[in-house]
Amino acid sequence: MSNQWDLPDELPTDLPVARCELPDGRVVSAVQEAEAHTLWEEISSAEPYRRAAEGIGADETVIDVGAHIGLASLLFARLAPESRLMAFEPAPKAYACLEENLARHLPGATAYRQALGAAPGKSELIYRPYVASASTLYADAEDDTRNLEAHLDNIDADVQTREVVRRTFAVTQRIPVEVTTLTAVMAEHGVDRVGLLKVDVERGELDVLDGIDPGCWPRIRRVLLEVHDIEGRLGRVVSRLAGLGFRATVSQWGVYVGGSVHLVLAERD
């Protein structure tokens, strides 16, 4: 039996890979076509994303943590075509799309099916098959609701859209994933200079920073983080980066006004 919005009572979780054509004509593999279009529009129009990658040189590495299907990686590679690019994504379906997209459009880049955190080990990913970019190692129902409702309010969603979004967002799976640290990544893969570290890990941003040893920080030139401002976290992140010699700029996408999600671009050049 279908409900009033023509959604089945039990939504499937094993969704087929979609194909999405970006405005520049490139075709990418996506977990959800609509999500890919929305994310590309946000990322490609965000001034901090463009500024973060400009001027990154051939002797520097771009590390994309929480790469999802690789849209930010595609943008960074266009702006810094000579740099090495490494992308990390723990969700299996998103990782499969990421691997395909890098092979198709950035054959010199490498995808890794790993999460980054404060220490190496194993964890459990809360995977959202209908909103894969919101998958997380760090459950927080209150923060999820705050951001989801802020987003719906800011796009002036109608009643039907709100119901569909809430129902699909609530569909989750729990998936075991491997966790490593940025320090381990830099050592294992011979990364000498990080021109840009981008972190979008749905409330795990402080753990990623905690996984960077003091000796690695002088080798990192720029950091772009999505920060969930819970219990003063935004201020803590900015203060920590300032103490490491970065100048931090904070911004927020219009669709997240009223929510906790902010962008922090930290530079030291």
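Predicted model: local features only at pLDDT ≥ 70, side-chain atom pairs only at ≥ 80, totals over all residues.

Reader: Where is the place of R203?

Author: R203 is found in the loop that runs between β9 (194-199) and α8 (205-210). Its phi is near 85°, which is a positive value in a residue other than glycine.

Reader: Which other residue has a positive phi although it is not a glycine?

Author: E231 does, with a phi of about 50°. E231 belongs to the loop between β10 and α9 (233-243).

Reader: Does one call E231 buried or exposed?

Author: The relative accessibility of E231 is 77%. Exposed means over 50%, and therefore E231 counts as exposed.

Reader: How should I read a helix, and why do its residues point in particular directions?

Author: An α-helix has 3.6 residues a turn, so residues three or four places apart point the same way. Take helix α6, which covers residues 159-169 and has R162, T168 and F169 as its buried residues. When one looks down the axis of α6, these buried residues fall within an arc of 145°, so they line one face of the helix.

Reader: Against which element do the buried residues of α6 pack?

Author: They pack against α5, residues 141-154.

Reader: Strands come next. What should I know of their side chains?

Author: In a regular strand the side chains alternate between the two faces of the sheet. In this model, strand β8 (residues 173-180) is joined to β7 (residues 121-127) by seven bridges, and the two run antiparallel. Here G121 stands opposite V179 in β8. Strand β8 is also joined to β6 by two bridges, and that pair runs parallel. In this case L116 stands opposite T180 of β8.

Reader: Finally, how many residues line the largest pocket?

Author: The lining consists of 50 residues, and E35, L39, V131, S133 and A134 are those that lie nearest the centre of the pocket. The volume of this largest pocket is about 1100 Å³.

Reader: Which element gives the largest share of the lining?

Author: That element is α1, with six residues. Among the elements that each supply at least two residues are also α5, α6 and β10.

Reader: What is the lining like by class?

Author: It has 29 nonpolar, 13 polar and eight charged residues.

Technical notes:
Residues numbered from 1 in each chain as written. Heavy atoms only, no water. Buried < 20%, exposed > 50% of the residue type's maximum accessible area, 1.4 Å probe, protein only. Helix = DSSP H or I, 4+ residues; strand = E, 2+ residues; numbered from the N terminus. Arc of directions from axis to C-beta. Contact = heavy atoms within 4.5 Å. 1 Å grid on protein atoms, 1.4 Å probe; cavity = no way out; pocket = protein on both sides within 12 Å on 5 of 7 lines; lining within 4 Å. Points joined across faces, edges and corners; volume = space filled by probe spheres on them. Nonpolar A, V, L, I, M, F, W, Y, C, P; charged D, E, K, R; others polar. Pairing = 2+ DSSP bridges.
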